[in-house]
Amino acid sequence: MKERASKMDDCRQQLGYQLHHDTLTGLPNRKLLLDRFAQALRSAQRHRNCCAVFCVNIDSFKAINACYGYDGGDQALQQMAVRLRSFVRAVDTVAHLSADTFVVVAEGLERSEAALQIASHINQYFTGEPLELNGQSVTISVRIGISVYPDDGTDVCSLLLQAEQAMQQGRDLGRSSICFFAPDLNRQYVRRMQLEVELRRALDSHELVLYYQPKVNLGTGRTTSVEALIRWLHPERGIVSPAEFIPVAEECGLIEPITEWVLETACTQAKLWHEEYGKPITMAVNISVCQFRGNYLTAAVSRCLTKSGLPA
């Protein structure tokens with residue numbers, strides 16, 4: 001009976017561990033992170049000191065997966081976990097939040113300025129020491145977003161969201177960026193999410209249009225080719241520049257269906273002009289750099305040429 005009870009206890013402990021930890025890195029998952037973060041905030045309230053949360057994101061993690069395979073990506077995450085755990089104090093919490101993002105909760109800080117020192121040390125720690133991925137030394141960099149109790153908020157969910165928003169803002173600052181939360185970031189984040197929702201609707205509602213800019217030979221005055229330029233005819237905002245919505249499309253995965261629509265529409269128009277004027281005209285189409293990864297672009301061009309009947 002005792003042996004059976006012992007096995008049952010072991011099973012409960014194992015299930016409890018699996019429920020609260022990430023299987024790849026062994027770090028606390030979001031559920032356990034929220035619980036420990038709440039404890040850290042209660043401690044900060046009692047002792048009237050600061051608590052900081054850091055969202056640490058690996059720069060170009062997709063490129064790591066592409067170059068070293070998914071097992072190389074897993075190795076990078078596991079080594080990140082080990083290094084972060086060895087870097088922080090015993091009272092602090094390190095968690096694996098999502099695919100390439102970790103969270104560090106540092107409690108008991110006397111001043112909010114101490115958060116910048118911690119972030120700088122994390123940054124230097126990773127840029128100075130390469131990871132070993134499939135037997136190769138790979139130098140990585142990280143982006144860090146920070147929010148601080150009580151300066152930026154007093155509840156767990158708000159502070160964690162603010163740190164994530166600051167981390168996303170760091171994309172515009174380049175590699176190895178450190179970005180503190182600011183009130184404007186929340187408005188930008190909400191606008192970004194709203195733009196994504198509206199862009200998905202725009203694709204289904206045929207709000208995207210192509211304008212064709214002619215390229216003219218100044219010597220002969222003849223149009224030699226045209227460039228297809230995408231615009232978004234927003235029902236409320238009017239014409240939206242691609243400089244505003246293309247980056248959103250690249251981030252949220254809409255760039256492929258948008259690119260295919262542009263290619264198909266441009267090819268169809270080029271075929272009509274070919275039939276009308278009796279000679280082919282060169283059609284230029286702008287392509288996102290994301291489309292040059294893998295075999296997507298070749299297959300998409302082939303499909304659009306076949307569907308439109310445009311001679312390659």
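Guide: Together, Y211, L233 and I239 make up a nonpolar patch on the surface, with about 280 Å² of accessible area. Such a patch joins nonpolar side chains (Val, Leu, Ile, Met, Phe, Trp, Tyr) within 5 Å, taking residues with over 30% relative accessible area and no salt bridge, a salt bridge being a side-chain nitrogen of Lys or Arg within 4 Å of a carboxyl oxygen of Asp or Glu; the areas come from the Shrake-Rupley method with a 1.4 Å probe. The model is predicted, so local features need pLDDT of at least 70, side-chain atom pairs count only at pLDDT 80 or more, and totals for chains, interfaces and linings use all residues. Residues are numbered from 1 along each chain as its sequence is written, and side-chain values use heavy atoms, leaving out hydrogens and water.

L233 belongs to strand β9, residues 223–234, where strands are DSSP runs of E with at least two residues and helices are runs of H or I with at least four. L233 counts as partly exposed because its relative accessibility is 36%, which lies between buried (under 20%) and exposed (over 50%).

The whole structure holds 4 aromatic pairs, meaning rings of Phe, Tyr and Trp (its six-membered ring) with centres within 6.5 Å, called stacked under 30 degrees, edge-to-face over 60 and tilted otherwise. W232 and F245 form an edge-to-face pair, 5.6 Å centre to centre with 90° between the planes. This pair links W232 in strand β9 with F245 in helix α7 (residues 242–252), 13 residues apart. W232 is buried, at 0% relative accessible area, and F245 is buried, also at 0%.

Key. Patches are made of residues with over 30% relative accessible area and no salt bridge: like charges are joined within 9 Å, nonpolar side chains (Val, Leu, Ile, Met, Phe, Trp, Tyr) within 5 Å. Buried means under 20% relative accessible area, exposed over 50%, partly exposed in between (1.4 Å probe, protein chains only).
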